[in-house]
Amino acid sequence: MDLMRLLMLSAGIVMLGLECEGAGRLSYNFYKESCPQVENIVREGVHSASIFDPTTSAALLRLLFHDCQVQGCDASILLDARNEPSEVASSKSFGIRKRNIVDLIKASLEQVCPGQVSCADVLVLATRDAVSLSGGPRINVPLGRRDSRGPPNVRLADSSLPPNDIGLKGALKLFSKKGMTVEETVAILGAHTLGITHCFSLRSRLYKPGNAINAGFVNTLKLKCPPYDGNTTSKIKFVVNDLTPIQFDNEYFVNTMRGRGVLSIDAALPLDSRTRPFVEKFASDRNAFYRAFSSAFVKLSSSNVLIGNQGVIRRSCNRVD
């Protein structure tokens, strides 16, 4: 390994080749000529938003996952609904927010590089920077995605997004379709180190008979999340995912090893022989987690993308002109 690469790895900067599944004709130098300022402009926008609201990183990470999971990473989640409910209207998208940040960054880019940078790439870069600015690795991502021409309907989102009570078998299958190994799947689930979980999403985990992994911790969660009664106040209650909800670190894995995984999938990870070794590894070695997460992030964000002459480059991320 050459000295430069060694220094980059030690600093948390991960260089990944285009051979990863789904990368296609994406390029690490895609905007070198057409918009060389793109990464600086995006990072400045995310930094400003994060100073104003420290929960921005968690919101952007979830936004990217939802976008990539429904018909690929094409910025469709940023589009406002037209004649019928869009993917944002899905009950599985409850709590999705910060779409406006991508719009604001895109507006800044249009002033400098009009019609060059896709909203899909802005969302990927913004999420990459959100992870880094909250303490995580600096991930080098290939660019060149194009935007969808319209939003998918809510039915596609309902069928594509995983349920809140997804089990380990379902999660491994979901991410293996994006080319991820078991280790990368465990790492990408480590994104739960940021943010909170709404009590609305824990109904099955807490109150479905026979579904209580780690019953003692479940009883603790029930104190914060009483049975859902359908009113608005009940729906917005939440619990933090770990003790450092605005920092990207390996505390999530430390928590799960202690039997304090919030979602069902979090609780299941240290109990299965396929995933436990990686939970133990990431709990004790933050850099190992960062390397695996970076690899998984590139695979996720390069999944089923529009390239070349496919799709469009939107001028505004919330509509197609």
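Author: A residue is called buried when its relative accessible area is under 20%, exposed when it is over 50%, and partly exposed in between, with a 1.4 Å probe and protein chains only. Helices (H or I, at least four residues) and strands (E, at least two) are DSSP runs, numbered from the N terminus. This is a predicted model, in which local features need pLDDT of at least 70 and side-chain atom pairs count only at pLDDT 80 or more, while totals for chains, interfaces and linings use all residues. Residues are numbered from 1 along each chain as its sequence is written, and side-chain values use heavy atoms, with hydrogens and water left out.

Reader: How many helices and strands does the protein chain have, and what percentage of its residues is buried?

Author: The protein chain has 15 helices and 4 strands, and of its 321 residues 53% are buried.

Reader: Which residues of helix α10 are buried, and why do they lie on the same side of α10?

Author: In α10, which runs over residues 215–224, the buried residues are F217, V218 and L221. The arc that they cover around the axis is only 105°, so they lie on the same side of α10; such an arc is that of the directions from the helix axis to the C-beta atoms. On the face turned away from this buried side, α10 carries the exposed residues G216 and L223.

Reader: What covers the buried residues of α10?

Author: The cover includes α9 (203–207) and β4 (238–240), where contact means heavy atoms within 4.5 Å.

Reader: How are two packed helices described, and at what angle do α2 and α4 pack?

Author: Two packed helices are described by the angle between their axes and the distance between the axes. Axes are lines fitted to C-alpha atoms, for helices over the stretch in contact, and angles run from 0 to 180 degrees between N-to-C directions. Here helix α2 (residues 38–52) packs against helix α4 (residues 99–112) at an angle of about 145°, and their axes are 10 Å apart.

Reader: Which residues make the contact between α2 and α4?

Author: From α2 the contact is made by V38, I41, V42, G45, V46 and A49, and from α4 by I101, I105, S108, L109 and V112. Sorted by class, the contact of α2 with α4 has 9 nonpolar, 2 polar and no charged residues; in this sorting Ala, Val, Leu, Ile, Met, Phe, Trp, Tyr, Cys and Pro count as nonpolar, Asp, Glu, Lys and Arg as charged, and the others, Gly among them, as polar.

Reader: Where does G190 lie, and is G190 buried or exposed?

Author: G190 lies in the loop between α8 (182–189) and β3 (196–198), and G190 counts as buried because its relative accessibility is 0%. Leaving aside its neighbours within four places in sequence, G190 is in contact with Y252, F253 and F289. Although G190 and Y252 are 62 residues apart along the chain, their C-alpha atoms are separated by 6.4 Å.

Reader: What is the phi of A75, and what is the phi of N304?

Author: A75 has a phi near 65°, a positive value in a residue other than glycine, and N304, which is not a glycine, has a positive phi of about 50°. A75 is placed in the loop between α3 (56–69) and α4, and A75 counts as buried at 0% relative accessibility. N304, by contrast, is found in the segment after α15 (286–301), and N304 counts as exposed at 55% relative accessibility.
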